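Dear colleague,

Please find the structure below, followed by a short account of what was found in it.

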Amino acid sequence: MNRVVLIIPVVLFAVIGAFFAWGLTRDPTAIPSQLIDKPLPQFEMAAIEGLDQGFSSDELKKGEVVLLNVFGSWCVSCHIEHPFLMQLAQNDTIKIYGLNWKDEPGKGKEWLDRLGNPYTKVGDDYSGRVALDLGVTGAPETFVIDKEGKVRFRVAMPITEQYWNNTLGPMIEELRSQ
Amino acid sequence: MTPEIGHFALILAFILALVQGPVLFLSAKGEDARFAAFGQRVTVLIFVLVAVSFFSLMHAYAVSDFSVSNVFQNSHSAKPFIYKLTGTWANHEGSMLLWALILTLFSAVLAAQGRAAPRDLLLLTLGVQALIVSAFLAFILFTSNPFLRLFPAPADGTGLNPLLQDPGLAIHPPFLYLGYVGFSIPFSFAVAALIRGKADTVWARLVRPWALIAWVFLTIGIALGSWWAYYELGWGGWWAWDPVENASLMPWLAGTALIHSVRVVERRDAMKGWAVLLAITAFSLSLVGTFLVRSGVITSVHAFAVDPARGVFILMILMAAIGGSLSLFAMRANSLTATGAFVSVSREGALVVNNVLMLVACAVVFVGTFYPLFIDVLSGEKISVGAPYFNFIFAPLASVTLILAAVGTLLAWKKADLGASVKKLLPAGAAALVMAIIVAVIADRAALSGAFAMGLVVWLAGGAVIDIAGRINLFRAPFAQSLARAKGLPGAAWGAAIAHTGIALFAVGAASMSLWKTEVVQLMAEGDRAEIAGYAVTLQSVERISGPNYEAERATFLATKNDQRVLLAGERRFYPVRGMETSEAAIRARGMNDLYISFGANSSGNGWPVRLFFNPLVGFLWLGAAVTAFGGLIAFGDRGRKPAKLRDKKTAPAVVEAAPA
């Protein structure tokens with residue numbers, strides 16, 4: 001058989017292997033690396049049905065460290081996260097902006113009415129367009145945005161009290177002191 | 001103390017495997033019997049050591065020894081005992097240890113019963129196995145050690161992912177691994193064949209049973225996984241083209257091609273390079289599947305613990321195993337020359353067509369699965385490839401495969417008469433036509449596609465029946481004689497016919513589920529009624545119950561149709577330790593049809609969102625998979641014919657001569 005033909009499999013694998021190696025450098029659970037330490041992408045979200053104010057990305061760039069939290073009434077883990085967010089809001093620890101992801105009209109409001117509203121403002125992302133720009137892979141997901149409006153960190157799981165005390169809290173203190 | 005014994009046994013096994021590989025390679029060339037004997041016997045010792053290691057980890061799980069970090073992270077004292085045991089492999093480290101256990105078991109079996117193999121072939125094959133074992137034990141010891149201790153020991157564990165606390169998922173990974181790892185032996189045989197520059201009918205006879213048994217296990221493993229997803233995940237479907245599912249399907253497709261092509265090598269001494277390449281491909285895809293997609297058993301994006309050291313190590317193993325074997329293939333495949341002449345209209349020609357179809361299907365799955373990765377690397381965009389892509393390509397591909405599979409089994413080896421074979425298939429064609437007409441008349445929707453699909457199914461199953469009937473001279477010879485012939489028919493012939501029938505049965509379920517499944521979503525309070533597929537379903541009650549380690553809502557539904565009354569119960573369980581919810585769908589099987597109900601949380605206070613499915617003929621999926629696997633098992637039982645020079649043509653029973661399979 002022709003030598004060249006026999007080399008095809010190994011060449012093919014070399015190409016695939018190179019992609020794998022490259023892919024390894026990308027953490028699938030991390031935000032696309034280009035967003036970390038970069039300004040928050042521009043977006044404008046309408047209010048969810050039942051509330052009157054949405055927000056835009058500019059509002060998150062007003063010299064304050066804030067959280068942008070992705071949630072949906074359909075999301076089980078958000079249910080688990082919610083009480084702690086309420087605690088943060090009640091203690092005025094930090095401003096939390098809510099991104100209501102792929103929720104049918106009315107569902108988000110219903111959820112906040114029942115469980116309480118920890119959010120400063122809630123934006124409607126029924127189409128998932130904003131979440132796509134942010135590289136959201138699942139809910140809940142939380143972005144830490146610094147004073148200059150740059151994305152500094154992403155949490156791709158429910159925030160718990162323990163996680164806050166050990167990781168997120170200290171990080172936010174440091175960002176505030178910068 | 002027990003974990004340390006396990007840890008020590010694992011280190012010992014690793015060192016022995018490191019020594020064993022080179023010893024076997026050297027002794028394959030030399031004549032010194034002592035080194036060869038050492039290399040062979042140590043295979044069994046390594047298996048025993050890995051087994052000690054595995055069971056000491058299982059012991060730590062059984063007694064809930066939370067001083068072992070792995071147990072702390074994946075178990076809990078309040079978990080049912082059986083799930084403590086299965087928890088051993090329901091995590092990354094433990095599942096890798098199970099991988100190693102199965103790998104060394106297969107090596108040991110090969111060493112013990114491979115004496116019939118040519119000496120150098122056996123030693124080289126075991127040598128390649130030893131290299132794989134070394135790589136995996138190194139991976140476990142250096143990056144995924146399950147025996148690390150915690151001090152001070154925590155009071156209780158963090159629990160096992162509740163989705164994994166299920167009988168289906170408890171036995172699914174071992175079967176899948178038996179399949180994945182089983183392909184390591186054909187792989188090692190293939191590499192050995194390339195090294196010695198010889199693959200012949202003897203080689204094929206040795207490879208075939210291993211390829212078959214791996215394929216049978218993989219078939220069962222995939223079916224179990226699909227069945228689990230069907231009743232546990234509550235979405236009413238059985239296959240979602242999820243990367244993890246695809247990862248198991250790819251080696252299955254390559255393995256299917258392998259078991260068909262190895263038969264050509266065995267019977268015709270041809271297509272050797274091709275069979276060797278397929279053996280390499282099947283195991284390579286198993287490796288890719290095990291590692292790149294599932295670093296642990298848990299596959300949720302958010303539970304995926306990415307450890308760069310692990311990823312790099314995995315990639316090194318992949319590069320060495322796949323890159324090495326394919327380079328060897330590029331250099332040495334030319335030495336595998338065929339002796340048999342090749343005519344395109346023949347059994348072997350049909351098997352080539354099968355191989356092409358299987359590999360095209362495999363490539364389609366591969367591209368669909370890794371396309372997001374490629375796009376991400378090239379452009380940084382995150383995309384996903386959905387079920388429509390796969391379904392769009394798979395439906396025609398499967399149709400062509402089903403049509404040709406029936407023809408292929410009727411073609412004779414060497415040189416076949418296509419016209420005669422097609423003529424034999426006329427009854428199957430007629431039956432298929434009748435079936436198609438019946439379906440077209442009774443189907444309430446998708447009548448045309450349904451008629452086509454069900455016609456194909458009858459065609460394939462009919463082909464299998466005609467094949468067997470022809471071989472045993474059914475209706476042409478006295479019945480007793482046919483029966484005698486049926487008994488004398490080689491397992492490979494029976495196996496092929498049964499497996500093809502299994503595929504046909506499976507296709508009934510797959511086609512029916514994609515064409516005729518009905519779904520109703522409705523908000524239901526207690527006492528509310530829903531209608532689906534002629535059933536009136538009433539939500540009778542929802543009550544809170546407590547399980548051993550979960551709290552649950554149990555909903556009871558009453559389904560009535562005509563005068564039948566059926567009670568169904570489904571649950572939504574909450575596992576406090578992990579803070580996770582799972583659902584147990586309410587399923588009522590009526591013959592092959594399922595009435596399937598799952599429900600969500602009553603978050604509005606007005607009722608529970610209930611999803612009702614009527615899944616027609618879904619039972620054929622599981623039946624078909626089981627029959628297919630059984631066919632593989634029958635073929636596995638066929639030890640094949642003795643090499644030509646050993647066979648006395650005069651005394652060989654005529655039926656064997658006339659029985660191409």
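Leaving aside neighbours within four places in sequence, I587(B) is in contact (heavy atoms within 4.5 Å) with Y230(B), Y231(B), L568(B), D594(B), L595(B) and Y596(B). I587(B) lies in strand β7, residues 586-590 of chain B; strands are DSSP runs of E with at least two residues, helices are runs of H or I with at least four, and both are numbered from the N terminus. With a relative accessible area of 31%, I587(B) is partly exposed; buried means under 20%, exposed over 50%, and partly exposed in between, using a 1.4 Å probe and protein chains only.

This is a predicted model, in which local features need pLDDT of at least 70 and side-chain atom pairs count only at pLDDT 80 or more, while totals for chains, interfaces and linings use all residues. Residues are numbered from 1 along each chain as its sequence is written, chains are lettered from A and ligands numbered from 1 in the order in which they are written, and side-chain values use heavy atoms, without hydrogens and water.

Helix α10 of chain B covers residues 243-268. Of its 26 residues, 25 are buried, so α10(B) is largely enclosed by the rest of the structure. Just after α10(B), D269(B) takes a positive phi of about 55 degrees.

The axes of α10(B) and helix α13 (residues 347-379) of chain B, which are lines fitted to C-alpha atoms over the stretch in contact, come within 9 Å and cross at roughly 160 degrees, the angle running from 0 to 180 degrees between N-to-C directions.

Note on methods: The expected span of a helix is 1.5 Å times one less than its number of residues.
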